[in-house]
Amino acid sequence: MDDLVRWNNLVLSAKSCAFAIAGIPYVGILALDYEDQLDAELVHGANKDGSPIGYTSGEYSVSSFTMQVLKDVWIARLLPQLALLSLAAGAPGSYGGCTFPFTAQYQEGPLVGTDLITGCRVVKAKDSYAQGAGKLVMDVSLMALTIRRNGLTLYNPLRLP
C-alpha cells in the first residue's frame with residue numbers, strides 16, 4: 001500500500017516549485033538549497049553504564065542557504081528589488097543591506113508544502129562565465145534566521161525563558 005497521496009500519480013518534482021522573494025514571484029531560480037539544524041549536546045551523569053541522562057535544548061540555526069538564479073533575472077529583477085529593500089532599510093547603494101522573507105512552495109494537486117524562510121540576507125554573490133552556448137547564472141549565498149516548513153519549526157517556538 002502506498003503511503004503517499006498523489007494526484008494523477010504525479011510525484012513532486014522541479015516543475016512543482018514556486019518561489020517568491022518578499023512576496024514577488026520568481027521563475028528564474030534554477031537551484032535552491034537550504035537546511036536548518038539544532039545543535040544539541042548529550043549530557044552524561046554518573047551512570048555506571050555510561051548512558052546519557054538527557055540533552056540540552058540546543059541552539060538553532062539555518063546552516064546553509066544558497067540559490068542559483070539566471071543572470072538576466074539577477075540584473076533586471078532581483079538586484080533592483082534588493083536595492084529598493086536596502087534603501088528602505090537605510091543602506092542605499094547596497095543589495096546586502098536588507099532582510100526579506102523567502103517562500104518556497106511545492107504543489108501537485110491537493111498536496112501542498114510551503115516553506116517560509118525568514119530574515120534572509122544576501123552575503124555572497126558569485127558570477128561565473130564559460131565559453132559556449134550555456135546560460136549565465138549567479139550563485140547567491142544567503143543567511144537566514146528561521147525556516148518554517150508548513151508552519152512547523154525544528155526548534156520549540158513556544159519555549160519560555
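The numbered points below take the pocket, then the cysteines.

1. Please keep in mind that this is a predicted model. The values below are computed from it.

2. The largest pocket has a volume of about 190 Å³. Its lining is made up of Ala-14, Lys-15, Cys-17, Ala-18, Phe-19, Tyr-26, Val-27, Ile-29, Leu-30, Ala-31 and Leu-32.

3. Which strands contribute to this lining? At least two residues each come from strand S1 (17-21) and strand S3 (29-39). S3 gives the largest share, with four residues.

4. By residue class, the lining of the largest pocket has ten nonpolar residues, one charged residue and no polar ones. Lys-15 is among the lining residues, and Lys counts as charged.

5. How many disulfides does the structure hold? The number is zero. Cys-98 is in no disulfide, and the nearest cysteine sulfur to its own, that of Cys-120, lies 10.0 Å away.

6. The cut-off for a disulfide is a pair of cysteine sulfur atoms within 2.5 Å.

7. Are these two cysteines buried or exposed? Cys-98 is buried, with a relative accessible area of 3%. Cys-120 is likewise buried, and its relative accessible area is 0%. Both values count as buried because the cut-off is under 20% relative accessible area.

Conventions:
Residues numbered from 1 in each chain as written. Predicted model: local features only at pLDDT ≥ 70, side-chain atom pairs only at ≥ 80, totals over all residues. Heavy atoms only, no water. 1 Å grid on protein atoms, 1.4 Å probe; cavity = no way out; pocket = protein on both sides within 12 Å on 5 of 7 lines; lining within 4 Å. Points joined across faces, edges and corners; volume = space filled by probe spheres on them. Buried < 20%, exposed > 50% of the residue type's maximum accessible area, 1.4 Å probe, protein only.
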